[in-house]
Amino acid sequence: MKNILPYLIAVLLVSCTTVTDITPPAYASKLVVNGLLSNEESIRVSISYSVVALSQDQPQYLSDAVVEVWEDGTSLGKGTYNTFDKVYEWSQVPKAGSNYRVRVEHKDYPVIDQSLDMPSANAFSKIIYEDSIGLDSSGLAKAAITIHLADPSNETNYYRLNFGYYNSTIPGFLPITFETNDAILLAPSTVKEDDGSYLFNDQLFNGQTRDIKVTFTRDIALSTPRFLVLGESLSEDLYLYQYSIALYQSSKNNFISEPVIIHNNIKGGLGIWAGKITERDTIY
């Protein structure tokens, strides 16, 4: 009897198991709205729709939507569809500190209505270039760039910073390999993106001024222009969007890492409505 008992328990467990086929509900396609506003170019918004990830269907851009944008409560009118770039366009360039609202109507989807506040300007108030501060380990001259960052108080601010040198072969700017002891750039919460940009917030220096200094081999660029400093103030949603992309890029080849969800702020749909204010300085 003692040896039969485990088998009886197994039979009872099997007999109590019921297999039920569950058919998941059909996927409901969503409107996808993407608008990344910048003070360096006019407003452009792309409209498409989502499809099931594992299906053979391909998402398509929608040219028959009605897309309207407001600046500080005043309508900028309905966007003109650009058939080549597949975006809706306006001639206006976004301004620092202004509010922008987008409304998207399409006969097959619920209405999308989303707003954003553009960041303030002039956070990167001064850039100092030093042409010769000593020699590197190979005996080559070292240069330094110092950025003066004045963080607005009583608010959380988000930044992206990039240092580039001019490569005449491309031609274009490539990321500088530099040395620094700056606590912001070296902070665990700071993310280095694939293009060499550093993504960070103001938790370490909220409402304060900050000098960020980097040093590098001077003669990596011999032609003009030589160096580019690109400082960007980001809206919170753009920061979270870029941060999630950086996490995805760093984990996409790691099969045991947790899945990364790309940040989305379109209520009732998918996509991103966010903005940035860019300040740049070119060193000749």
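What is the volume of the second largest pocket?

1. The second largest pocket has a volume of about 220 Å³. A pocket here is an open set of points on a 1 Å grid over the protein atoms alone, with protein on both sides within 12 Å along at least five of seven lines; lining residues have an atom within 4 Å of a point. The volume is the space filled by probe spheres set on the points, which are joined across faces, edges and corners.

2. This is a predicted model, in which local features need pLDDT of at least 70 and side-chain atom pairs pLDDT 80 or more, while totals for chains, interfaces and linings use all residues. Residues are numbered from 1 along each chain as its sequence is written, and side-chain values use heavy atoms, without hydrogens and water.

3. Sixteen residues, given as 16, line the second largest pocket, and P119, E155, T156, N157 and L234 lie nearest its centre. Strands β11 (158-167) and β16 (227-234) each supply at least two lining residues; strands are DSSP runs of E, at least two residues long, numbered from the N terminus.

4. The largest pocket has a volume of about 300 Å³. Of its 13 lining residues, V32, I262, N264, L270 and G271 are the closest to the centre. The largest share of this lining, 3 residues, comes from β17.

5. L270 lies in strand β17 (residues 270-283). L270 counts as partly exposed because its relative accessibility is 30%, the class between buried (under 20%) and exposed (over 50%), with a 1.4 Å probe and protein chains only.

Terms used:
Helix = DSSP H or I, 4+ residues; strand = E, 2+ residues; numbered from the N terminus. 1 Å grid on protein atoms, 1.4 Å probe; cavity = no way out; pocket = protein on both sides within 12 Å on 5 of 7 lines; lining within 4 Å.
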